[in-house]
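Notebook open, viewer loaded. I'm jotting down what I look up as I go.

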Amino acid sequence: MSRYFTKDHEWIDIDGDVGTVGITDYAQGQLGDITFVEVPGMGSTVAKGDAISVVDSVKAASDVYSPVSGTVADVNRALEAQPELVNSDAELGGWLFRIALSDPGELDALMDRAVYDAYIAGL
Amino acid sequence: MSDIPVDDDLDDAAEPLILPLDSWHRARGARMVEFAGYQMPVQYADGIIAEHQWTREHAGLFDVSHMGQLYLSGEDMDSAVEALLPIDLATLNPGQVRYSLLLDENGGILDDLMISRWESGLYLVVNGATKWDDIGHLREHLPDEITLNHLDETALLALQGPMAFAALEPLVSGDMPLSALTFMRAAAFKLGGVDAWISRSGYTGEDGFEISLPGEDAARIADLLCAHPEVKPVGLGARDSLRLEAGLPLYGHDLSPETSPVEAGLTFAINKRRRAEGGFPGAGRIVGELADGTDRKMVGVALEGRMSAREGAEVFAGAQAVGTVTSGGFSPSLNHPIAMAYVNAESAAPGTVLELDNRGRRLAARVVPMPFVPHRYFR
(Lines give C-alpha, C1' and ligand atoms only; values in the text may rest on other atoms or scores of the structure.)
Protein backbone atom coordinates (compact mmCIF):
# COMPACT_ATOMS: atom_id res chain seq x y z
CA MET A 1 0.00 0.00 0.00
CA SER A 2 1.38 3.41 -0.87
CA ARG A 3 0.56 6.79 0.60
CA TYR A 4 0.49 10.14 -1.21
CA PHE A 5 0.05 13.72 0.02
CA THR A 6 -1.41 16.95 -1.39
CA LYS A 7 -0.27 20.53 -0.87
CA ASP A 8 -3.63 21.08 0.81
CA HIS A 9 -2.63 18.58 3.54
CA GLU A 10 -4.74 15.60 2.57
CA TRP A 11 -3.24 12.08 2.53
CA ILE A 12 -4.46 9.16 0.43
CA ASP A 13 -3.58 5.47 0.91
CA ILE A 14 -3.94 3.38 -2.24
CA ASP A 15 -5.07 -0.23 -1.97
CA GLY A 16 -5.86 -1.63 -5.42
CA ASP A 17 -8.17 0.90 -7.08
CA VAL A 18 -9.55 2.31 -3.81
CA GLY A 19 -7.99 5.25 -1.93
CA THR A 20 -8.56 6.09 1.76
CA VAL A 21 -8.39 9.86 2.43
CA GLY A 22 -7.74 11.90 5.55
CA ILE A 23 -6.02 15.10 6.64
CA THR A 24 -2.44 15.08 7.82
CA ASP A 25 -1.24 15.26 11.40
CA TYR A 26 0.30 18.63 10.55
CA ALA A 27 -3.11 19.90 9.39
CA GLN A 28 -4.96 18.75 12.51
CA GLY A 29 -2.31 20.43 14.66
CA GLN A 30 -2.86 23.71 12.84
CA LEU A 31 -6.66 23.45 13.07
CA GLY A 32 -6.79 22.72 16.79
CA ASP A 33 -9.63 20.85 18.48
CA ILE A 34 -11.97 19.41 15.85
CA THR A 35 -15.64 19.53 16.81
CA PHE A 36 -17.43 18.27 13.69
CA VAL A 37 -16.65 16.47 10.44
CA GLU A 38 -19.02 16.44 7.48
CA VAL A 39 -18.30 13.48 5.23
CA PRO A 40 -19.43 13.20 1.58
CA GLY A 41 -22.47 11.24 0.44
CA MET A 42 -21.92 7.56 -0.35
CA GLY A 43 -21.83 6.91 -4.07
CA SER A 44 -21.34 10.51 -5.07
CA THR A 45 -19.12 11.18 -8.05
CA VAL A 46 -16.26 13.56 -7.38
CA ALA A 47 -13.57 15.25 -9.44
CA LYS A 48 -10.03 15.82 -8.23
CA GLY A 49 -9.93 19.08 -6.23
CA ASP A 50 -13.65 19.13 -5.36
CA ALA A 51 -14.43 20.32 -1.83
CA ILE A 52 -16.34 17.26 -0.61
CA SER A 53 -15.88 17.27 3.17
CA VAL A 54 -15.72 19.87 5.93
CA VAL A 55 -13.64 19.77 9.09
CA ASP A 56 -14.92 22.21 11.73
CA SER A 57 -12.61 23.15 14.60
CA VAL A 58 -12.93 25.54 17.50
CA LYS A 59 -11.12 28.05 15.30
CA ALA A 60 -12.55 27.68 11.80
CA ALA A 61 -14.30 25.52 9.22
CA SER A 62 -12.04 24.06 6.52
CA ASP A 63 -12.92 22.31 3.27
CA VAL A 64 -11.27 19.02 2.46
CA TYR A 65 -10.53 18.52 -1.25
CA SER A 66 -10.60 15.16 -2.94
CA PRO A 67 -7.02 14.28 -4.01
CA VAL A 68 -8.35 12.17 -6.91
CA SER A 69 -11.41 11.69 -9.12
CA GLY A 70 -13.80 8.78 -8.61
CA THR A 71 -16.80 7.59 -6.62
CA VAL A 72 -17.21 7.77 -2.83
CA ALA A 73 -17.11 4.13 -1.69
CA ASP A 74 -17.12 4.50 2.10
CA VAL A 75 -17.18 7.15 4.82
CA ASN A 76 -15.90 7.04 8.39
CA ARG A 77 -19.09 6.84 10.48
CA ALA A 78 -17.06 6.83 13.72
CA LEU A 79 -16.43 10.56 13.24
CA GLU A 80 -20.10 11.39 13.86
CA ALA A 81 -19.69 10.57 17.55
CA GLN A 82 -15.93 11.13 17.80
CA PRO A 83 -14.74 13.95 15.54
CA GLU A 84 -11.73 14.28 17.86
CA LEU A 85 -10.35 11.09 16.24
CA VAL A 86 -9.05 13.43 13.54
CA ASN A 87 -6.93 15.13 16.22
CA SER A 88 -5.76 12.04 18.04
CA ASP A 89 -5.26 9.71 15.05
CA ALA A 90 -5.29 11.89 11.92
CA GLU A 91 -3.35 9.55 9.66
CA LEU A 92 -5.07 6.27 10.59
CA GLY A 93 -8.31 6.02 12.64
CA GLY A 94 -9.28 9.58 11.73
CA TRP A 95 -9.68 8.83 8.00
CA LEU A 96 -12.59 10.64 6.35
CA PHE A 97 -13.72 8.74 3.23
CA ARG A 98 -12.76 6.13 0.61
CA ILE A 99 -12.84 6.70 -3.14
CA ALA A 100 -12.91 4.21 -6.01
CA LEU A 101 -10.42 5.87 -8.36
CA SER A 102 -11.48 6.62 -11.93
CA ASP A 103 -8.03 7.79 -13.04
CA PRO A 104 -5.08 6.33 -11.07
CA GLY A 105 -2.75 8.42 -13.24
CA GLU A 106 -3.75 11.44 -11.10
CA LEU A 107 -1.60 10.02 -8.28
CA ASP A 108 1.54 10.93 -10.22
CA ALA A 109 0.98 14.61 -9.42
CA LEU A 110 0.93 14.01 -5.64
CA MET A 111 3.82 14.03 -3.16
CA ASP A 112 5.34 11.15 -1.26
CA ARG A 113 6.10 11.37 2.49
CA ALA A 114 9.62 12.73 2.10
CA VAL A 115 8.56 15.48 -0.29
CA TYR A 116 5.56 16.39 1.88
CA ASP A 117 7.69 16.55 5.04
CA ALA A 118 10.10 18.89 3.26
CA TYR A 119 7.13 20.94 2.05
CA ILE A 120 5.67 21.51 5.54
CA ALA A 121 9.13 22.16 6.98
CA GLY A 122 9.25 25.17 4.64
CA LEU A 123 5.85 26.58 5.71
CA MET B 1 -7.89 21.39 2.67
CA SER B 2 -8.65 25.09 2.92
CA ASP B 3 -8.22 27.84 5.44
CA ILE B 4 -5.60 26.36 7.70
CA PRO B 5 -4.97 29.19 10.14
CA VAL B 6 -1.53 30.69 9.68
CA ASP B 7 0.29 31.63 12.86
CA ASP B 8 1.91 34.79 11.62
CA ASP B 9 0.11 37.33 9.54
CA LEU B 10 2.90 38.18 7.13
CA ASP B 11 0.73 40.61 5.19
CA ASP B 12 0.43 42.97 8.10
CA ALA B 13 2.63 45.98 7.57
CA ALA B 14 3.28 46.87 11.21
CA GLU B 15 5.51 44.62 13.28
CA PRO B 16 3.49 43.17 16.17
CA LEU B 17 4.40 44.57 19.56
CA ILE B 18 5.80 42.41 22.33
CA LEU B 19 4.20 42.21 25.79
CA PRO B 20 6.02 41.61 29.10
CA LEU B 21 5.09 37.90 29.22
CA ASP B 22 6.07 37.08 25.61
CA SER B 23 8.97 34.76 26.45
CA TRP B 24 7.05 33.37 29.44
CA HIS B 25 4.29 32.19 27.05
CA ARG B 26 6.73 30.75 24.52
CA ALA B 27 8.57 28.82 27.24
CA ARG B 28 5.24 27.20 28.15
CA GLY B 29 4.54 25.99 24.63
CA ALA B 30 2.15 28.75 23.58
CA ARG B 31 1.14 29.13 19.97
CA MET B 32 1.51 32.87 19.42
CA VAL B 33 -0.69 34.87 17.03
CA GLU B 34 -1.05 38.54 16.29
CA PHE B 35 -4.00 40.08 18.08
CA ALA B 36 -4.76 43.79 18.54
CA GLY B 37 -1.26 44.57 17.24
CA TYR B 38 0.49 42.30 19.78
CA GLN B 39 1.94 38.83 19.78
CA MET B 40 -0.46 36.92 22.03
CA PRO B 41 -0.89 33.26 23.07
CA VAL B 42 -3.94 31.72 21.36
CA GLN B 43 -3.42 28.36 23.08
CA TYR B 44 -0.84 26.24 24.87
CA ALA B 45 -0.07 22.54 24.32
CA ASP B 46 -3.31 21.25 25.90
CA GLY B 47 -5.49 23.00 23.29
CA ILE B 48 -8.50 25.26 23.44
CA ILE B 49 -11.14 22.78 24.67
CA ALA B 50 -8.94 21.41 27.47
CA GLU B 51 -8.03 24.96 28.55
CA HIS B 52 -11.69 25.98 28.43
CA GLN B 53 -12.74 23.05 30.62
CA TRP B 54 -9.80 23.59 33.00
CA THR B 55 -11.00 27.16 33.58
CA ARG B 56 -14.58 26.02 34.27
CA GLU B 57 -13.39 23.35 36.74
CA HIS B 58 -10.15 24.75 38.20
CA ALA B 59 -8.47 28.10 37.43
CA GLY B 60 -7.00 29.57 34.25
CA LEU B 61 -4.38 32.33 34.14
CA PHE B 62 -4.88 34.71 31.19
CA ASP B 63 -2.45 37.40 30.07
CA VAL B 64 -4.55 40.33 28.91
CA SER B 65 -1.79 42.92 29.01
CA HIS B 66 -2.76 44.06 25.49
CA MET B 67 -5.78 45.79 27.00
CA GLY B 68 -5.57 49.50 27.66
CA GLN B 69 -5.20 50.54 31.29
CA LEU B 70 -5.94 54.23 31.74
CA TYR B 71 -5.96 56.44 34.81
CA LEU B 72 -7.92 59.69 34.89
CA SER B 73 -7.58 62.37 37.53
CA GLY B 74 -8.18 66.07 37.98
CA GLU B 75 -10.67 68.65 39.11
CA ASP B 76 -14.33 68.10 38.17
CA MET B 77 -13.33 64.73 36.75
CA ASP B 78 -16.69 63.07 37.38
CA SER B 79 -18.80 65.54 35.44
CA ALA B 80 -16.27 65.55 32.57
CA VAL B 81 -16.35 61.74 32.32
CA GLU B 82 -20.15 61.64 32.63
CA ALA B 83 -20.29 63.77 29.47
CA LEU B 84 -18.76 60.81 27.57
CA LEU B 85 -20.18 57.72 29.35
CA PRO B 86 -23.79 56.94 30.42
CA ILE B 87 -22.57 56.17 33.94
CA ASP B 88 -23.68 57.65 37.29
CA LEU B 89 -20.35 58.33 38.97
CA ALA B 90 -22.09 59.72 42.09
CA THR B 91 -22.92 56.11 42.96
CA LEU B 92 -19.46 54.72 42.10
CA ASN B 93 -17.71 54.57 45.47
CA PRO B 94 -14.00 53.89 46.01
CA GLY B 95 -13.30 50.23 45.34
CA GLN B 96 -16.38 49.68 43.20
CA VAL B 97 -16.10 48.46 39.60
CA ARG B 98 -18.70 49.07 36.91
CA TYR B 99 -19.18 48.14 33.26
CA SER B 100 -19.67 51.15 30.99
CA LEU B 101 -19.67 52.24 27.37
CA LEU B 102 -17.84 54.90 25.40
CA LEU B 103 -20.51 56.32 23.08
CA ASP B 104 -20.38 58.47 19.96
CA GLU B 105 -22.75 61.36 19.32
CA ASN B 106 -25.27 58.97 17.72
CA GLY B 107 -25.25 56.61 20.70
CA GLY B 108 -23.14 54.06 18.80
CA ILE B 109 -20.66 52.10 20.87
CA LEU B 110 -17.02 53.21 20.49
CA ASP B 111 -15.84 50.75 23.14
CA ASP B 112 -16.96 48.85 26.22
CA LEU B 113 -14.90 49.13 29.35
CA MET B 114 -14.54 48.56 33.09
CA ILE B 115 -14.22 51.58 35.34
CA SER B 116 -13.39 51.77 39.03
CA ARG B 117 -12.62 54.49 41.53
CA TRP B 118 -9.03 54.16 42.70
CA GLU B 119 -7.73 56.73 45.21
CA SER B 120 -8.65 60.16 43.82
CA GLY B 121 -8.90 58.99 40.20
CA LEU B 122 -10.74 56.66 37.87
CA TYR B 123 -9.10 53.49 36.55
CA LEU B 124 -10.36 52.26 33.18
CA VAL B 125 -9.68 49.02 31.34
CA VAL B 126 -10.49 49.31 27.62
CA ASN B 127 -10.12 46.91 24.70
CA GLY B 128 -6.67 46.39 23.19
CA ALA B 129 -7.76 46.88 19.59
CA THR B 130 -9.49 50.19 20.37
CA LYS B 131 -7.27 51.69 23.05
CA TRP B 132 -5.43 54.14 20.81
CA ASP B 133 -8.72 55.47 19.40
CA ASP B 134 -10.13 55.62 22.94
CA ILE B 135 -7.17 57.63 24.18
CA GLY B 136 -7.55 60.02 21.25
CA HIS B 137 -11.28 60.37 21.89
CA LEU B 138 -10.79 61.00 25.62
CA ARG B 139 -7.97 63.52 25.06
CA GLU B 140 -10.09 65.35 22.49
CA HIS B 141 -13.25 65.52 24.59
CA LEU B 142 -11.99 65.80 28.17
CA PRO B 143 -11.04 69.28 29.40
CA ASP B 144 -7.34 70.08 29.81
CA GLU B 145 -7.64 69.95 33.62
CA ILE B 146 -8.17 66.19 33.42
CA THR B 147 -4.95 64.18 33.29
CA LEU B 148 -5.01 60.92 31.32
CA ASN B 149 -2.25 58.46 32.12
CA HIS B 150 -1.83 55.46 29.85
CA LEU B 151 -0.41 52.76 32.15
CA ASP B 152 1.49 51.15 29.29
CA GLU B 153 4.16 49.57 31.47
CA THR B 154 1.54 47.85 33.59
CA ALA B 155 0.60 44.23 32.91
CA LEU B 156 -2.89 42.78 33.36
CA LEU B 157 -3.48 39.17 34.38
CA ALA B 158 -6.85 37.47 34.81
CA LEU B 159 -7.17 34.48 37.13
CA GLN B 160 -10.53 32.86 36.43
CA GLY B 161 -12.34 29.79 37.68
CA PRO B 162 -13.79 28.18 40.82
CA MET B 163 -10.29 27.67 42.31
CA ALA B 164 -9.08 31.22 41.59
CA PHE B 165 -9.69 32.43 45.14
CA ALA B 166 -7.93 29.45 46.72
CA ALA B 167 -4.88 30.00 44.50
CA LEU B 168 -4.64 33.77 44.95
CA GLU B 169 -5.57 34.18 48.62
CA PRO B 170 -2.34 32.78 50.17
CA LEU B 171 -0.24 35.17 48.02
CA VAL B 172 -1.87 38.49 48.92
CA SER B 173 -1.96 40.87 51.85
CA GLY B 174 -3.76 44.15 52.16
CA ASP B 175 -5.96 46.42 54.25
CA MET B 176 -8.81 43.95 53.78
CA PRO B 177 -8.84 40.19 53.33
CA LEU B 178 -9.25 39.01 49.74
CA SER B 179 -12.55 37.40 50.81
CA ALA B 180 -13.97 40.91 51.37
CA LEU B 181 -13.78 41.54 47.62
CA THR B 182 -17.13 40.53 46.19
CA PHE B 183 -17.98 40.58 42.48
CA MET B 184 -17.25 43.99 40.89
CA ARG B 185 -15.18 45.29 43.80
CA ALA B 186 -11.48 46.15 43.72
CA ALA B 187 -8.70 47.13 46.10
CA ALA B 188 -4.95 47.53 46.40
CA PHE B 189 -3.02 44.49 47.67
CA LYS B 190 0.54 43.27 47.90
CA LEU B 191 0.89 40.22 45.68
CA GLY B 192 4.19 38.39 46.02
CA GLY B 193 5.66 41.60 47.42
CA VAL B 194 4.44 43.73 44.50
CA ASP B 195 1.79 46.45 44.48
CA ALA B 196 -1.25 45.11 42.65
CA TRP B 197 -4.72 46.53 41.98
CA ILE B 198 -7.01 43.50 42.16
CA SER B 199 -10.58 43.48 40.95
CA ARG B 200 -13.04 40.60 41.42
CA SER B 201 -14.25 40.48 37.84
CA GLY B 202 -13.52 38.82 34.54
CA TYR B 203 -14.65 37.71 31.11
CA THR B 204 -15.47 34.03 31.59
CA GLY B 205 -18.64 33.96 33.70
CA GLU B 206 -16.66 32.33 36.51
CA ASP B 207 -15.56 33.72 39.84
CA GLY B 208 -12.15 35.29 39.42
CA PHE B 209 -9.84 38.25 39.55
CA GLU B 210 -8.20 40.77 37.26
CA ILE B 211 -4.78 41.79 38.50
CA SER B 212 -3.01 44.97 37.43
CA LEU B 213 0.70 44.95 38.29
CA PRO B 214 4.04 46.30 37.06
CA GLY B 215 5.07 44.69 33.77
CA GLU B 216 8.58 44.00 35.07
CA ASP B 217 7.14 41.75 37.80
CA ALA B 218 4.58 39.97 35.63
CA ALA B 219 6.63 36.86 34.80
CA ARG B 220 7.57 36.24 38.43
CA ILE B 221 3.96 36.66 39.59
CA ALA B 222 2.66 34.45 36.76
CA ASP B 223 5.13 31.75 37.89
CA LEU B 224 3.95 32.17 41.47
CA LEU B 225 0.30 31.74 40.46
CA CYS B 226 1.02 28.79 38.16
CA ALA B 227 2.95 27.05 40.95
CA HIS B 228 -0.48 26.30 42.46
CA PRO B 229 -1.64 22.88 41.20
CA GLU B 230 -5.09 24.28 40.32
CA VAL B 231 -3.72 26.99 37.99
CA LYS B 232 -2.70 26.60 34.34
CA PRO B 233 -2.09 29.25 31.69
CA VAL B 234 -4.99 29.63 29.24
CA GLY B 235 -4.89 31.34 25.85
CA LEU B 236 -7.07 33.72 23.87
CA GLY B 237 -8.86 30.86 22.10
CA ALA B 238 -10.46 29.59 25.30
CA ARG B 239 -11.01 33.15 26.49
CA ASP B 240 -13.26 33.62 23.44
CA SER B 241 -15.23 30.37 23.92
CA LEU B 242 -15.63 31.07 27.65
CA ARG B 243 -16.94 34.60 27.14
CA LEU B 244 -19.30 33.40 24.40
CA GLU B 245 -20.83 30.79 26.73
CA ALA B 246 -21.16 33.53 29.36
CA GLY B 247 -23.07 35.69 26.84
CA LEU B 248 -20.53 38.50 27.14
CA PRO B 249 -20.16 40.59 23.97
CA LEU B 250 -16.82 41.10 22.22
CA TYR B 251 -16.11 44.59 20.94
CA GLY B 252 -15.51 44.78 17.19
CA HIS B 253 -17.71 41.73 16.66
CA ASP B 254 -20.88 41.97 18.78
CA LEU B 255 -20.53 45.70 19.48
CA SER B 256 -19.52 48.53 17.15
CA PRO B 257 -20.38 52.16 16.32
CA GLU B 258 -23.29 50.67 14.30
CA THR B 259 -24.87 49.12 17.41
CA SER B 260 -26.64 50.94 20.22
CA PRO B 261 -26.55 49.79 23.85
CA VAL B 262 -30.28 49.07 23.76
CA GLU B 263 -30.00 46.83 20.68
CA ALA B 264 -27.08 45.06 22.33
CA GLY B 265 -29.06 44.34 25.51
CA LEU B 266 -26.70 46.50 27.58
CA THR B 267 -29.37 48.73 29.11
CA PHE B 268 -27.95 47.99 32.59
CA ALA B 269 -25.00 50.18 31.59
CA ILE B 270 -27.30 53.19 31.16
CA ASN B 271 -27.50 54.18 34.81
CA LYS B 272 -30.85 55.31 36.25
CA ARG B 273 -30.04 58.98 36.93
CA ARG B 274 -28.56 59.36 33.46
CA ARG B 275 -31.74 58.01 31.80
CA ALA B 276 -33.69 60.76 33.54
CA GLU B 277 -31.16 63.56 33.06
CA GLY B 278 -29.55 62.65 29.73
CA GLY B 279 -26.41 64.64 28.97
CA PHE B 280 -24.38 61.77 27.51
CA PRO B 281 -23.57 61.21 23.80
CA GLY B 282 -26.56 59.89 21.88
CA ALA B 283 -28.87 60.36 24.88
CA GLY B 284 -31.81 61.37 22.68
CA ARG B 285 -31.68 58.20 20.63
CA ILE B 286 -30.93 55.92 23.57
CA VAL B 287 -33.66 57.28 25.85
CA GLY B 288 -36.08 56.95 22.94
CA GLU B 289 -35.03 53.35 22.37
CA LEU B 290 -35.42 52.56 26.07
CA ALA B 291 -39.05 53.74 25.83
CA ASP B 292 -39.99 52.43 22.40
CA GLY B 293 -37.71 49.42 21.87
CA THR B 294 -35.52 48.78 18.84
CA ASP B 295 -36.08 47.18 15.45
CA ARG B 296 -33.38 44.60 16.08
CA LYS B 297 -32.02 42.92 19.18
CA MET B 298 -29.03 40.87 20.25
CA VAL B 299 -30.07 37.29 21.03
CA GLY B 300 -28.47 34.02 21.99
CA VAL B 301 -28.86 31.17 19.50
CA ALA B 302 -28.44 27.44 20.14
CA LEU B 303 -27.73 25.33 17.06
CA GLU B 304 -28.83 21.77 16.44
CA GLY B 305 -26.19 19.37 15.18
CA ARG B 306 -22.49 20.06 15.57
CA MET B 307 -21.60 22.41 12.73
CA SER B 308 -20.85 25.96 13.90
CA ALA B 309 -22.12 29.19 12.38
CA ARG B 310 -19.64 32.04 12.61
CA GLU B 311 -19.51 35.82 12.41
CA GLY B 312 -21.30 37.08 9.30
CA ALA B 313 -23.64 34.10 8.89
CA GLU B 314 -27.11 35.20 7.78
CA VAL B 315 -30.06 34.35 10.00
CA PHE B 316 -33.41 33.25 8.53
CA ALA B 317 -36.90 32.76 9.93
CA GLY B 318 -38.45 30.59 7.22
CA ALA B 319 -37.64 32.23 3.90
CA GLN B 320 -37.12 35.67 5.40
CA ALA B 321 -33.66 37.02 6.27
CA VAL B 322 -33.99 38.41 9.82
CA GLY B 323 -30.44 39.06 10.99
CA THR B 324 -26.73 38.28 11.18
CA VAL B 325 -24.47 36.27 13.49
CA THR B 326 -21.83 38.39 15.22
CA SER B 327 -20.06 35.63 17.22
CA GLY B 328 -20.36 31.89 17.04
CA GLY B 329 -18.59 28.69 17.78
CA PHE B 330 -18.67 25.34 19.48
CA SER B 331 -19.55 25.39 23.19
CA PRO B 332 -17.31 22.90 25.01
CA SER B 333 -19.52 23.05 28.12
CA LEU B 334 -22.78 22.39 26.26
CA ASN B 335 -21.28 20.16 23.54
CA HIS B 336 -23.12 21.96 20.73
CA PRO B 337 -22.56 25.17 18.76
CA ILE B 338 -23.88 28.50 20.01
CA ALA B 339 -23.96 32.01 18.57
CA MET B 340 -24.81 35.61 19.28
CA ALA B 341 -26.82 37.38 16.58
CA TYR B 342 -28.71 40.58 15.91
CA VAL B 343 -32.23 39.71 14.70
CA ASN B 344 -35.43 41.61 13.97
CA ALA B 345 -37.40 42.22 17.17
CA GLU B 346 -40.25 39.94 16.01
CA SER B 347 -37.78 37.02 15.80
CA ALA B 348 -36.07 37.70 19.13
CA ALA B 349 -38.29 35.81 21.59
CA PRO B 350 -36.74 32.72 23.22
CA GLY B 351 -37.90 29.60 21.42
CA THR B 352 -38.14 31.27 18.00
CA VAL B 353 -37.09 28.76 15.35
CA LEU B 354 -34.32 30.06 13.07
CA GLU B 355 -31.96 28.83 10.39
CA LEU B 356 -28.37 30.01 10.12
CA ASP B 357 -26.65 30.01 6.76
CA ASN B 358 -23.23 28.38 6.80
CA ARG B 359 -21.72 28.64 3.32
CA GLY B 360 -24.98 27.62 1.67
CA ARG B 361 -26.01 25.06 4.29
CA ARG B 362 -28.98 25.91 6.51
CA LEU B 363 -28.33 25.00 10.14
CA ALA B 364 -31.37 24.54 12.41
CA ALA B 365 -31.32 26.74 15.50
CA ARG B 366 -33.52 28.51 18.03
CA VAL B 367 -33.35 31.61 20.18
CA VAL B 368 -32.34 30.89 23.78
CA PRO B 369 -31.78 33.14 26.81
CA MET B 370 -28.23 34.25 27.62
CA PRO B 371 -25.97 33.45 29.34
CA PHE B 372 -25.75 30.05 27.68
CA VAL B 373 -23.84 28.78 30.76
CA PRO B 374 -24.90 30.26 34.13
CA HIS B 375 -22.59 32.85 35.70
CA ARG B 376 -20.95 31.81 38.95
CA TYR B 377 -19.83 35.14 40.34
CA PHE B 378 -18.99 35.62 44.04
CA ARG B 379 -21.55 38.16 45.20
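With that, 66% of the contacts in chain B between residues at least 6 apart in sequence join residues at least 24 apart.

Housekeeping. This is a predicted model, where local features need pLDDT of at least 70 and side-chain atom pairs count only at pLDDT 80 or more, while totals for chains, interfaces and linings use all residues. Residues are numbered from 1 along each chain as its sequence is written, and chains are lettered from A and ligands numbered from 1 in the order in which they are written.

**Overall build of chain B**

I took helices (H or I, at least four residues) and strands (E, at least two) as DSSP runs, numbered from the N terminus. Chain B has 9 helices and 20 strands. Its radius of gyration is 21 Å, close to the 21 Å of the globule rule for 379 residues, so chain B is as compact as a globular protein of that length. For the record, the radius is taken over C-alpha atoms, and the rule is 2.2 Å times the number of residues to the power 0.38. The C-alpha trace spans about 60 × 50 × 45 Å along the principal axes.

For burial I count other C-beta atoms within 10 Å of a residue's own, placed from the backbone: 20 or more is buried, 12 or fewer exposed, in between partly exposed. By that count, 49% of the 379 residues of chain B are buried.

Strands pair, in my notes, if DSSP finds at least two bridges between them. I traced a closed barrel of 6 strands in chain B, β15-β18-β17-β16-β19-β20, with antiparallel pairing. Its twist averages 40 degrees from one strand to the next. Zooming in, β16(B) (314-317) and β17(B) pair over 4 antiparallel bridges, and Ala317(B) has Gln320(B) as its bridge partner in β17(B).

α7(B) lies across β17(B) and β18(B), at about 125 degrees to β17(B). Angles here run from 0 to 180 degrees between N-to-C directions, with axes as lines fitted to C-alpha atoms, for helices over the stretch in contact.

**Open sheet**

Next I followed an antiparallel open sheet of 5 strands in chain B, ordered β5-β6-β7-β4-β8. β5(B) and β8(B) stand at the edges with a single partner strand each, so one side of each has no neighbour in the sheet. Ignoring direction, neighbouring strands are turned by 30 degrees against each other on average. β6(B) (109-118) and β7(B) (121-126) share 6 antiparallel bridges, and Leu113(B) stands opposite Val126(B). Helix α4(B) (131-141) lies across β4, β5, β6, β7 and β8 of chain B, at about 165 degrees to β8(B).

**Cores**

A nonpolar core is a set of buried Ala, Val, Leu, Ile, Met, Phe, Trp, Tyr and Cys residues joined through C-beta atoms within 7 Å. The largest has 101 residues, and Leu157(B), Leu159(B), Val301(B) and Leu356(B) have the most contacts inside it. Leaving aside neighbours within four places in sequence, Val301(B) contacts residues including Ile338(B), Leu354(B), Leu356(B) and Val367(B). Another core, of 31 residues, lies apart from it and includes Tyr4(A) and Val64(A).

Is α2(B) enclosed or open? 7 of its 10 residues are buried, so the rest of the structure largely encloses α2(B). Among the buried ones are Ile48(B), Glu51(B), Trp54(B) and Arg56(B). They pack against β2, β3, β9, β14 and α7 of chain B.

The contact between the chains takes 16 residues from chain B and 22 from chain A. α2, α7 and β17 of chain B each supply at least two residues to chain B's side. Ser2(B), before α1(B), touches Ser62(A) and Asp63(A), again not counting residues up to four places away in sequence.

Most residues other than glycine have a negative phi, and most peptide bonds are trans. Asp76(B) is in the loop between β4 and α3 of chain B, and Glu119(B) in the one between β6 and β7. Asp76(B) is exposed, with 10 other C-beta atoms within 10 Å, and Glu119(B) is exposed with 11. I also logged a cis peptide bond between Met370(B) and Pro371(B), omega about 0 degrees; Pro371(B) lies in the segment after β20(B).

Terms used: Contact = placed C-beta atoms within 7 Å.
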